[in-house]
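The following note concerns strand pairing, helix packing and aromatic contacts. Please read it alongside the coordinates.

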Amino acid sequence: LTRLAKRITAEDLSQRLDLGLPEDEVGRLARTFNEMIARLDDAFQRQRQFTADASHELRTPLTAIKGQAEVALQREREPEAYRDVLRAINGEVDRMIRLVGSLLTLARADAGQIPLVREPVGLAGVATAAVDHVRPAAEQKGVSVGLGGGPDVPLRADEDLLLQLLLNLLDNAVKYTPTGGNVAVDWSIEGNRVAVRVADTGIGIPPDHLARVFDRFYRVDKARSRSEGGSGLGLSISRWIAEAHGGSINVESEPGKGSTFTVRLPVSA
Ligand code: ADP
């Protein structure tokens, strides 16, 4: 057992302490170690995947910036042409700033470095602020945003994070809903929890993608998400915020009809 255990390193977590030991104390200890190695293996693999995905995401805007700058520098141009290039570069830089901000949030969340400032918060106020924030962009697109919900619900929550969670869901709802569609926020009490729903009449999510939309960098349609400025990290941050508050998030959707994201949070006594 000792010899085998010494061979297991961070670079090779595929080995196990499989010596066919009987179901005694040492045998159980070996199996417990095996389960631990399997969890570490899984965590390391996810970390590697995350680094690879993050690098890829950062390379895309950098390649675009480099391309624009090179073309602009090939010969003398009119001032307006330079301005066009600077505008395009500015857009790509904005995208990178958002992406790096999201990466930082997730890295800090993983390290347990985001202190939740949980204070008494009314759900109605946060929901109203979130809806007011997205309404101008939605109206410009011809998507109406409604706020239902019943009486106010007292929560113990980090107001900034709760607002970010609702904004992520609302931004997506508006982004993935064509002109003429509707987005609606409402809530209802379920025992000692409140279920907050953000529903849209948008493009929906195909069933085989539903389970994965909360994964980091996962997008159903990469090109579409990217052209809308998305990083594929919004929903993973939303899930973290819900879970950090002792809540949960899930989604139901029908392609072509729309999606409903439901966040369940404990109600403050
Ligand atoms: P993104 O920045 O790409 O929007 P998210 O993590 O917020 O990243 O969402 C992940 C993916 O889930 C999106 O790329 C999109 O394919 C899908 N999605 C999220 N919200 C909706 C919605 N309301 N309607 C349809 N698809 C959605």
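1. In this predicted model, β2 and strand β4 (residues 182-190) pair in the parallel sense, over 4 bridges. Within β4, V185 stands opposite L147.

2. The open sheet is formed by 5 strands in the order β2-β4-β5-β7-β6, with mixed pairing. Because β2 (144-147) and β6 (248-254) stand at the edges, each with a single partner strand, one side of each is left without a neighbour in the sheet. From one strand to the next, the twist averages 15°.

3. Helix α5 (residues 159-175) packs on the sheet and touches β2, β4, β5 (193-200), β6 and β7 (258-266). The direction of α5 makes about 25° with that of β5. Helix α8 (residues 234-244) lies across β6 and β7 and runs at about 135° to β6.

4. The structure holds 2 aromatic pairs. One of them, F50 with F217, is tilted, at 5.6 Å centre to centre and 35° between the planes. This pair links distant parts of the chain, 167 residues apart: F50 belongs to helix α2 (residues 25-73), and F217 to the loop between α6 (207-210) and α7 (222-227). F50 is buried, with a relative accessible area of 14%; F217 is buried at 4%.

5. F214 and F261 form an edge-to-face pair, 6.1 Å centre to centre with 80° between the planes. F214 lies in the loop between α6 and α7, and F261 in strand β7, 47 residues apart. F214 is buried, with a relative accessible area of 6%, and F261 is buried at 7%.

6. The ring of F50 also has the charged end of R216 sitting over it, 5.1 Å from the ring centre.

Key: Residues numbered from 1 in each chain as written. Predicted model: local features only at pLDDT ≥ 70, side-chain atom pairs only at ≥ 80, totals over all residues. Heavy atoms only, no water. Pairing = 2+ DSSP bridges. Helix = DSSP H or I, 4+ residues; strand = E, 2+ residues; numbered from the N terminus. Axes fitted to C-alpha atoms, helices over the stretch in contact; angles between N-to-C directions. Contact = heavy atoms within 4.5 Å. Phe/Tyr/Trp six-rings, centres within 6.5 Å; stacked < 30°, edge-to-face > 60°. Buried < 20%, exposed > 50% of the residue type's maximum accessible area, 1.4 Å probe, protein only. Lys NZ or Arg CZ within 6 Å of the ring centre and 35° of its normal.
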